[in-house]
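The sequence and the model are shown first.

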Amino acid sequence: MRHLAVLAAVVALAAAVPRERRQALPAEYAPCRGGKGVCVPYYLCQDDTVITDGAGIIDIRIGGPEECPNFLDICCTNPHPTDTVTPTPLPGYQSTCGIRNTQGIDVRIQGFTGNETQVAEFPWMAAVLKKEVVSGEEINLYLCGGSLIHPHIILTAAHCINEHQNSGLRVRLGEWDTQNEYEPYKHQDRDVQQVIIHPDFKPNNLHNDYALLYLSTPAELSKNVDVLCLYDKPTFFNDIHSCVVTGWGKDRFGKKGVFQNVLKKIDLPYVQHGECEKALKTTRLGAFFKLDKSFICAGGEAGKDSCSGDGGSPLMCLSGTGTQYVQVGMVAWGIGCGTAGIPAVYVDIIGGYYWILEEANKLLAPAIIDEYWQFF
């Protein structure tokens, strides 16, 4: 996982010749167009002009005729600025659970060919990491996904962290592209202080695959980091076209699958429990297979599925408000990835709502817990 770079100040340098100022190109900005242009992060260029006031939305087309060294850079006419650029502080942020930034924040990227999300489109998405020291250097190893349901609490799958509870866990919030450093807002890393796993979790079949991660320091809610709504009633499952799953997992099952750099999203239909069980019986699970009540299902469309590495990532559906998303599931397991007629299996978050609430109350008593994720 990478570290987000803070936009460096551009400093004007005076040349030796009197009354003539020559500007040194900052080291992180590569030249292009024979020196007439400069490769800047995509969100700093609009209509071929470098943005200096932070305003505007751009259309970036990746892989254009004048490519820059970095995947998310764009060649923009060098303005040779003479003043130091000071970032504008963010105004006070008002948190509302489940608000999806469909257009991204401050920028909208066009030209993606896959299912890439916009920057901070799903601000509750979390990456669960394991801290390790290699050759004297601390690194973060990606374990699975998760969702922020309270500034202090991450909801994830027990199977992801069951064997790593004492290994030093960390959570990254506000992440988007894991291999580049050009998001307009910095991610937040938080160490995990306490792990709570459902007492009836069964590692062999993943029944009751619930886990809560209590952060040592609460997340700072902002444009790119916010909470996801929870609810205890499945009143919106009828709208099967309004559910989506996100994650950085592999694009296919097996050795040929590769993890994704940019956070991906897939729209999936909800599948009734009985129909899902019936479909799964046609696989190697056999005709006697019983789908546990702690699971729900979604998907079953060819080429559209969550996959390896997506464990713990949220499955969300649009609530009755029409503006907020509620977490209904969490990636658990499947038979292959994206097989037509075979849905994927998710942890039933609505069914586990009261366990989540009870454990959250224990972690944060006497604070009011569910005010963060109520959407009505």
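Predicted model: local features only at pLDDT ≥ 70, side-chain atom pairs only at ≥ 80, totals over all residues.

## Strands, rings and a cavity

Strand β13 runs antiparallel to strand β12 (residues 243-247), and five bridges join the two.

The chain as a whole holds three helices and 18 strands. Of its 376 residues, 52% are buried, and among the contacts with a separation of 6 or more, 69% are between residues 24 or more positions apart.

Seven aromatic pairs are counted in the model. In one of them, the rings of tyrosine 142 and tryptophan 248 have their planes at 80 degrees, with their centres 6.4 Å apart, so this pair is classed as edge-to-face. Tyrosine 142 lies in strand β7 (residues 137-150) and tryptophan 248 in the loop between β12 and β13, so that the pair links distant parts of the chain, 106 residues apart. Tryptophan 248 is buried, because its relative accessible area of 2% falls under the 20% cut-off.

A second pair, phenylalanine 289 with tryptophan 333, is also edge-to-face, because its planes stand at 85 degrees, and its ring centres are 6.1 Å apart. Phenylalanine 289 sits in the loop between α2 (273-280) and β15 (295-299), whereas tryptophan 333 is in strand β17 (residues 325-333), and the two are 44 residues apart. With a relative accessible area of 16%, phenylalanine 289 counts as buried. Phe289 and Trp333 form one aromatic cluster together with Phe295.

The two pairs are set out below.

| Pair | Centre distance | Plane angle | Class |
|---|---|---|---|
| Tyrosine 142 and tryptophan 248 | 6.4 Å | 80 degrees | edge-to-face |
| Phenylalanine 289 and tryptophan 333 | 6.1 Å | 85 degrees | edge-to-face |

Helix α2 also contains alanine 279, which is buried at 14% relative accessibility. Leaving aside residues up to four places away in sequence, alanine 279 touches Gly341, Ile342 and Pro343. The C-alpha atoms of alanine 279 and glycine 341 are separated by 6.8 Å, although the two residues are 62 residues apart along the chain.

Rolling a probe the size of a water molecule over the atoms shows where empty space is left. How many cavities of 30 Å³ or more does a search of the whole structure find? The search finds one, and the largest cavity has a volume of about 90 Å³. Its lining consists of 14 residues, of which Ala120, Gly174, Glu175, Trp176 and Asn224 are the closest to its centre. Sorted by class, the lining of the largest cavity comprises ten nonpolar, two polar and two charged residues.

Terms used
Residues numbered from 1 in each chain as written. Heavy atoms only, no water. Pairing = 2+ DSSP bridges. Helix = DSSP H or I, 4+ residues; strand = E, 2+ residues; numbered from the N terminus. Phe/Tyr/Trp six-rings, centres within 6.5 Å; stacked < 30°, edge-to-face > 60°. Buried < 20%, exposed > 50% of the residue type's maximum accessible area, 1.4 Å probe, protein only. 1 Å grid on protein atoms, 1.4 Å probe; cavity = no way out; pocket = protein on both sides within 12 Å on 5 of 7 lines; lining within 4 Å. Points joined across faces, edges and corners; volume = space filled by probe spheres on them. Nonpolar A, V, L, I, M, F, W, Y, C, P; charged D, E, K, R; others polar. Contact = heavy atoms within 4.5 Å.
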